[in-house]
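Open the model in your viewer and keep the sequence panel beside it. The stops below say what to select and what is there.

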Amino acid sequence: TSSVETMTAACVSELMNAATSFHKLHLRVSSIGSYAAHKALNDLYDALPGHADDLAEGFQGAAEKLLEYQDVAPRKIDTVEDGITYLRELHNMVTSLQGKMPYSEIVNDLDTIKSTIDSAKYKLIFLK
């Protein structure tokens, strides 16, 4: 398996796991500003599975190979601040994958994922 295949499979898995992690955080947020965070996290966990699916299907079609996925447990996120840190890590992972991706159409899909991440960061940081 090539490096880009391994990175893509890891990214797909991480996006799926992130949806679960952010959904759980969404159900736990409380205190001042929690409604805005609750809504932002809802938008995020709704979007991530579709992004993961689009990335997997698009890459597999472009490469004409099926990806192999590793089972990794979702991350536990305890606070909105932890969630923002995780979003930054996801953004960096996607950017790193873009730098190695040989398929321009997939690079564009990765931009869409980063836009979703950026929007969530904006809402969580500034809309309280």
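Which residues does Leu124 touch, not counting residues up to four places away in sequence? Select Leu124 and look for Ala37, Ala40, Leu41, Val80, Ile84 and Leu87; contact means heavy atoms within 4.5 Å.

Some ground rules before moving on. This is a predicted model, in which local features need pLDDT of at least 70 and side-chain atom pairs count only at pLDDT 80 or more, while totals for chains, interfaces and linings use all residues. Residues are numbered from 1 along each chain as its sequence is written, and side-chain values use heavy atoms, with hydrogens and water left out.

Next, select Phe22, Leu55, Leu87, Leu110 and Leu124, which touch the most other members of the largest nonpolar core, a set of 37 residues. Such a core consists of buried Ala, Val, Leu, Ile, Met, Phe, Trp, Tyr and Cys residues joined through side-chain atoms within 4.5 Å; buried means under 20% relative accessible area with a 1.4 Å probe, protein chains only. Two or more core residues come from each of H1 (3-28), H2 (34-63), H3 (80-100) and H4 (104-126), the helices being DSSP runs of H or I, at least four residues, numbered from the N terminus. H2 gives the most, eleven residues.

Finish at Lys121 in helix H4. Lys121 is buried, at 18% relative accessible area, and contacts Leu87 and Arg88, leaving aside neighbours within four places in sequence.

Definitions and conventions
Buried means under 20% relative accessible area, exposed over 50%, partly exposed in between (1.4 Å probe, protein chains only).
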